Each structure stands twice: as structure tokens, then as C-alpha cells.
Amino acid sequence: MTERRLDPLTGEWRMFASHRQDRTFLPPDEHCPLCPTRPGGPPTEIPLPSFDVVVFENRFPALVREPPAPAVAASELYPVAPSAGANEVVVYSDDHTFGIAQMDADRVARLVAVWADRYAELGARDEVAYVFIFENRGVAVGVTLHHPHGQIYAYPEIPPRPRLELEAARAHLAEHGTCVMCDVVGRERADGVRVVASNGSFLAFVPFAARYPYEVHIVSQRHAASLLDLSDPERLAFAELLQTVAAGYDRLFGFPLPYVMSMHQAPTDDGQHQAISHLHVELTPPHRSAERLKYLAGSELGAGAFINDTAPEDTAVRLRAAMSAVSA
Ligand SMILES: [Zn+2]
Ligand SMILES: [Zn+2]
Ligand SMILES: [Zn+2]
């Protein structure tokens, strides 16, 4: 069963993919399917003895180019649709331990170039409305393979969180005539207290209304709707700041900090979203401290209202120290 169903209570589409139950789950390192296929060694997902960045289609996809017909009949109350789209895996390098924090900026920039290419190619497909680039890192956020990798989901609709952001940005533009994220960048630069790292083109800060204690957003300082709007020097600056933040996260508690990295860019449905789409990355680590995790519970899951028990201005001090220790 691979299909999408609309929740009539919220108007949100949900994806169903029962074959994902059979996914490979935390194999021992010597059986890593994302390592290169060494001469004389067992075959992996990648039939190459070495590689830089590799992209391939997820073997257990929730969205596919030619989806099967839904298993259940649709009705007016319960719309059902085929799972059109794509799920891709992006393997960051052929080194089993080499994540963004360990790479140099040039290598991260090659990853950024691959992301930009996939955004362009998947976004050009008629059935794709939104290309979502993300990384789940660490067992605490449900990772099933340790080898550093990210994913790309190409959705046939704009998914709920980006849609919410676009609606807020549209309202802000109507009221003030400006892009809300451009205004946020100006305010964060002026305040300074939540900034954790920056360079000439990008700014990293704990958001004013952060959901997670150590949440960090990395934002283009000028209005750019997607990776495709960045110049080569800007892509390198983006790569540098991503690397700085990832390495700083690992310094924070002295272990590789689990996180979800989400990249928000313009939808690709030709819906004229350029003025209200401002490229940014949201990093949401579940840790509240070295030992304790934030769990989504009643208020978050039942009401959709996050409670954060730390002041963003305080966690920014700790993050700034960890990040400057890295780049020094
Ligand atoms: Zn591996
Ligand atoms: Zn903007
Ligand atoms: Zn966002």
C-alpha cells in the first residue's frame, strides 16, 4: 500500500507506505549499505570503490515517480491520491564517519551544488510542488543508518509547515510591503544577542520564538528564494556557515549532537512565491542538556503549541562559545 490520504479535520495530506516497515535498521558498520563497494567486498547500494557525493532513489520510498493506484476508494469526505513525487538519498561522502562537521568548506560546497541541482531537476517535474532537503542525524531523531547522509522529498503539494510559513510571509508582505525573513535578518543583526555565527552572506541565530532550546536557523542575509539564486561565493559562504554550526553543535556537549536539518526554499509549483520565500535552514536538536531530551508531548502534539524551558538569548551564549571555539 502506497498512497496519500487527506485528513478532513486539518486539510493535511498524509503519506502511507507500508513497505517502509522492512527498512534496514542500524546495521553493523561492516554491513553499511551507504559505504563504497570495495574490491572483493560485499556489494552496497553504491557500486563504486570511492565517491564524493552520491544521490540515489530511496529503496523504501513514500513518494515515487510512477505511483501505484491507491488501494482504497476515494470519497468526497475522504480524498485519496497516488503517492506521486520522489524520495532520494544523498550520501555526503564515502567515509563512514565524515559528516558536515568534519568536512572542509569546499567539500560542503560540493554538497550544496548537488542540493541545488536536485532542487532544480525535481522542481521542474510537473507533479512536484515542493522540494524538501533535510537530514536526520542521530538515533535520537530516528536515524536508521549511521553513514552521514541526507534526504530529499519531492512532494506533490506544499507540505504543512512551509505552507504555514508562506501564509505568514504573505500576510506580512500585504501589511508591511516587506519580506518577513528579510526583516528578521535585520532585527537579529541589530539585536545581536541571539546570533551564534555569521559571515558576509549568511547569519546563524537562535530564533526569537525557538521551539527547541538549541534550535538554530541559518539564513541568507539578502533575499534569495532558493539555492538557485545564490552566486558561487554565496554558496561557499553558506557551506562555511553550515560547517561552522555543525562543528559547534558537536562541541556543545562533547558528542555528535543529534538534530533534524530542514531546508526551506521556494515551492516549485509556479505559484509566484518568490517574494515571500527566503532561503533558510532550520536545525532542531532534541537535546535540552547533555543528558536530557525534549519530547513532544501534550501541548506540542495535542495542541501544536511548543513550550521551551530556556531563553533563546541564554542558549545563544552557549552556542556562540561552542561555535567560535571551532572556527578559532
Ligand atoms: Zn558507511
Ligand atoms: Zn527575504
Ligand atoms: Zn522555515
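This is a predicted model: local features need pLDDT of at least 70, side-chain atom pairs count only at pLDDT 80 or more; totals for chains, interfaces and linings use all residues.
Is Gln 272 buried or exposed, and how many other C-beta atoms lie within 10 Å? Gln 272 is exposed, because it has 10 other C-beta atoms within 10 Å, and by the definition I use a residue is exposed with 12 or fewer such atoms, buried with 20 or more, and partly exposed in between, the C-beta atoms being placed from the backbone.

Residues are numbered from 1 along each chain as its sequence is written, and chains are lettered from A and ligands numbered from 1 in the order in which they are written.

Let me stay with the loop for a moment. Gln 272 is found in the loop between β11 and β12, and its phi is positive, about 60°, although it is not a glycine. Asp 270 has its place in the loop between β11 (259-264) and β12 (280-284), and its phi is near 60°, again a positive value in a residue other than glycine. Asp 270 is exposed, with 9 other C-beta atoms within 10 Å.

Now to helix α1, residues 105-123, which has 19 residues and reaches 26 Å from its first C-alpha to its last, close to the 27 Å expected at 1.5 Å a residue; the expected span is 1.5 Å times one less than the number of residues. Buried in α1 are Val 108, Ala 109, Leu 111, Val 112, Trp 115, Tyr 119, Leu 122 and Gly 123. They cover an arc of only 155° around the axis, which puts them on the same side of α1, the arc being that of the directions from the helix axis to the C-beta atoms. An α-helix has 3.6 residues a turn, so residues three or four places apart point the same way.

What covers these buried residues? The cover includes β5 (86-91), β6 (130-137), β7 (149-155) and α4 (232-252), where two residues are in contact if their C-beta atoms, placed from the backbone, lie within 7 Å. The axes of α1 and α4 come within 8 Å and cross at roughly 115°; axes here are lines fitted to C-alpha atoms, for helices over the stretch in contact, and angles run from 0 to 180 degrees between N-to-C directions. On the α1 side, Ala 105, Val 108, Ala 109, Val 112 and Ala 113 meet residues of α4 that include Arg 235, Leu 236 and Phe 238.

As for α4 itself, its 21 residues should span 30 Å at 1.5 Å a residue, and its end C-alpha atoms are 30 Å apart, which agrees. Asp 232 lies in α4 and counts as exposed, with 10 C-beta neighbours inside 10 Å. α4 is followed by Gly 254, whose phi is positive, near 80°.

α2 is hardly covered, the count of buried residues among its 17 being 1, and it is followed by Gly 177, whose phi is positive, near 75°.

Notes
Helices (H or I, at least four residues) and strands (E, at least two) are DSSP runs, numbered from the N terminus.
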